[in-house]
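Let's take a friendly walk through a protein structure together. Have the sequence and the 3D view at hand, and look up each residue as we come to it.

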Amino acid sequence: MIEVKEMKETIATANSVFAQVTDMKHEQVVFCYDHETGLKAIIAIHNTNLGPALGGTRMWMYQNENDALTDVLRLSRGMTYKAAISGLNLGGGKAVIIGDSKKDKTEALFRKFGQYVNSLSGRYITAEDVGTSTKDMEYISKETKHVTGLPESMGGSGDPSPVTAYGVYMGMKASAKEVWGNDSLSGKKVCVQGAGHVGSNLVKHLTEEGAKVYVTDINKDALQQVATTYKAEVVAPDSIFSLDVDIYAPCALGATLNTENIGKLKCAIVSGAANNQLADEVVHSKMLLDKGILWAPDFLINAGGLINVYSELKKFSRAEALKQTEHIYNVTLEIFKKSKAEKIPTLVAAMQMAEKRIYGGK
Ligand code: NAD
């Protein structure tokens, strides 16, 4: 017989999962476990009003299971908004595999995960994310057709980063137009945080247009490579927030903007690729507005990668994906217009615009 105390604990745990799911309005959350391969994964389908839920599979050594759940719920909801604001007929989903991507990867593990994806009959379509690669997607594809981000040799759309960087560049130009009445970045001082896949491609666009680029990264080799190739000036990672620049472009990790460093910022625009840049969406979107710093919503301007994956599903070319990504420029301007007219943070304006598509009819 279950002790009363045990029963209460069971109900409390169940409530806390459902509390989160209800709060963010998820449709379905699937917990996947396989004894043979050691697979422990969570697939979260946030919303399928506009189409199948698409989003990558992240492999990460979470501190605890609750962190994994919180991450997959937050990320899948973000995908719904990203797809909606980009005009794509996709819903939002995401998956996490709990494990060390350097030690725990096996073909069997990914194939088992692929079977779970397949069991959802296309309600969820997976792709690469932090900790997973095109090779892993190949293993998954042996078990399901509901996978994207395959190598180009297998008909996939290839590395999404150049398309993502192009979208960020479009969002930055729209921001310049809003602030200075002209979208030229020539002569503007831009600090790019993160010289990785997206950051390096962004630096290329910026230097080609004649911007003065400052770049930083904790990986010295990547930093040096980008600085040398594009003649950008290297700055220390912890000095960037007080740097005298026109634009700050976060292209490293999320949550880099917080109460302390927003106070230090001297730039007029924040526009970058990183997901979830604001440590607290409500507090920090308002803080940026009050400080007169224009923030280009991350989930809109970094949607080029998703558009690239969409091109794989819909079988259109990279040239067409870039053309669709260019549209980010106009949508960014529309959001700024709404934000200004209604005196609301750009984040709120963007979310409202996305919600109109998600919940206001298909
Ligand atoms: P990446 O891993 O290639 O590059 C990130 C770089 O940031 C790395 O070189 C890393 O060393 C650096 N970095 C980490 N912490 C740092 C710090 N504190 N200061 C300075 N540099 C730091 O990743 P990426 O593919 O270029 O993506 C960059 C960001 O954009 C991520 O937040 C990612 O989630 C987001 N994003 C990427 C894509 C895409 O197509 N790759 C699409 C949408 C969003």
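**A walk from loop to sheet**

Leaving out residues up to four places away in sequence, Ile 344 touches Leu 289, Lys 338, Ser 339, Ala 349 and Gln 352. Keep in mind that this is a predicted model. You will find Ile 344 in the loop between α13 (328-342) and α14 (346-359). Is Ile 344 buried or exposed? Ile 344 is buried because its relative accessible area is 16%, and buried means under 20%. For a sense of distance, look for Asn 47: it is 297 residues away from Ile 344 along the chain, and their C-alpha atoms are separated by 25 Å.

Now turn to Ser 285, which belongs to helix α9 (residues 281-290). Ser 285 has a relative accessibility of 6%, so it counts as buried too. Which residues does Ser 285 contact, once neighbours within four places in sequence are set aside? They are Leu 278, Asp 280, Pro 345 and Leu 347. Inside its own helix, the Ser 285 side chain also reaches the backbone oxygen of Glu 281, at 2.6 Å.

Next, let's look at a pair of helices. Two packed helices are described by the angle between their axes and the distance between the axes. Helix α11 (residues 304-314) packs against helix α12 (residues 318-326) at an angle of about 140 degrees, and their axes lie 9 Å apart. Their crossing is right-handed. On the α11 side, the meeting residues are Gly 304, Ile 307, Asn 308 and Ser 311, while α12 brings Arg 318, Ala 321, Gln 324 and Thr 325. Sorted by class, this contact holds two nonpolar, five polar and one charged residues.

Finally, the strands. Strands of a sheet pair through backbone hydrogen bonds, either parallel or antiparallel. Strand β1 (residues 28-34) and strand β2 (residues 39-47) run antiparallel, joined by seven bridges. Here Phe 31 stands opposite Ile 42 of β2. Four residues lie between the strands of this hairpin, where Gly 38 takes a positive phi near 80 degrees.

Elsewhere, six strands form an open sheet with parallel pairing, in the order β9-β8-β7-β10-β11-β12. At its edges are β9 (233-234) and β12 (294-295), each pairing on one side only. Within this sheet, two bridges join β10 (residues 247-250) to β11 (residues 269-270), and Ile 247 has Ile 269 as its bridge partner in β11.

Definitions and conventions. Residues numbered from 1 in each chain as written. Predicted model: local features only at pLDDT ≥ 70, side-chain atom pairs only at ≥ 80, totals over all residues. Heavy atoms only, no water. Pairing = 2+ DSSP bridges. Axes fitted to C-alpha atoms, helices over the stretch in contact; angles between N-to-C directions. Left-handed = near helix turned anticlockwise from the far one by under 90°. Contact = heavy atoms within 4.5 Å. Nonpolar A, V, L, I, M, F, W, Y, C, P; charged D, E, K, R; others polar. Buried < 20%, exposed > 50% of the residue type's maximum accessible area, 1.4 Å probe, protein only. Polar contact = N/O pair within 3.5 Å; in protein donor to acceptor, adjacent residues only side chain to side chain.
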